[in-house]
Amino acid sequence: MHDPGTVEVALREASDGVAVVAIAGDVDAAATAAVRAGVDEAAAGSRAVVLDLEQVDLLASAGMTLLLEVTEDLRRRGVPLVLASRARTVRRPLRITGLDKVLDLHDDVASARAAVDGG
C-alpha cells in the first residue's frame, strides 16, 4: 500500500514487447519525475507501454500535462502509450478537460493490451 500524498511506479509486466507500468497514489507535480522515469524505462525496448492508473488517488493538472507530454514523446519514438483505468479519480478529470478524447484510455489492462494489438 502506498502512503497518502506519494506515488509508486512499478514495472509490473513486460511481455510480447508490451510493458505495463502500474502507478499508485497521487499523480501531481511532485510525482511527475518519478512517473516519467518509469514510463521512459518501460519504453526502452518495448513496442508499446500500458500505463495502469487504476490505483491513482489523485490526477492533478500536472499529471494530466505529463500524460500528454509522454504520449507525444513516445509517439515520436514509435511507441504507443495506452492508459488503463476505471477509477473515477482518473476518468473524471480527463473527461472534464476533454483529454479522454485525446488520450488512448481503456477500462482495464486487458482491453488496453488488446487495443495495442489491434483487437
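Helices (H or I, at least four residues) and strands (E, at least two) are taken here as DSSP runs, numbered from the N terminus. The model is predicted, so that local features need pLDDT of at least 70 and side-chain atom pairs count only at pLDDT 80 or more, while totals for chains, interfaces and linings use all residues. Residues are numbered from 1 along each chain as its sequence is written, and side-chain values use heavy atoms, with hydrogens and water left out.

**Exercise 1. State in which order the helices and strands follow one another along the sequence.**

Solution. Begin with the inventory, which is four helices and five strands. Then read along the sequence, where these elements follow the pattern β-β-α-β-α-β-α-β-α.

**Exercise 2. Decide whether the radius of gyration agrees or disagrees with that of a compact globule.**

Solution. The radius is taken over C-alpha atoms, and the globule rule is 2.2 Å times the number of residues to the power 0.38. For 119 residues the rule gives a value near 14 Å, and the protein, at 13 Å, agrees with it. The C-alpha trace spans about 35 × 25 × 25 Å along its principal axes. As for burial (under 20% relative accessible area is buried, over 50% exposed, in between partly exposed, with a 1.4 Å probe and protein chains only), 45% of the 119 residues count as buried.

**Exercise 3. Locate the salt bridge of Glu 72 and Arg 75 within the secondary structure.**

Solution. The side chains of Glu 72 and Arg 75 meet at 2.9 Å, N to O. Both residues lie in helix H2, three residues apart, which is about one turn of the helix. Glu 72 is partly exposed at 32% relative accessibility. Finally, extend the view to the neighbours: Glu 72, Asp 73, Arg 75 and Arg 76 are linked in a network of salt bridges.

Terms used: A salt bridge is a side-chain nitrogen of Lys or Arg within 4 Å of a carboxyl oxygen of Asp or Glu.
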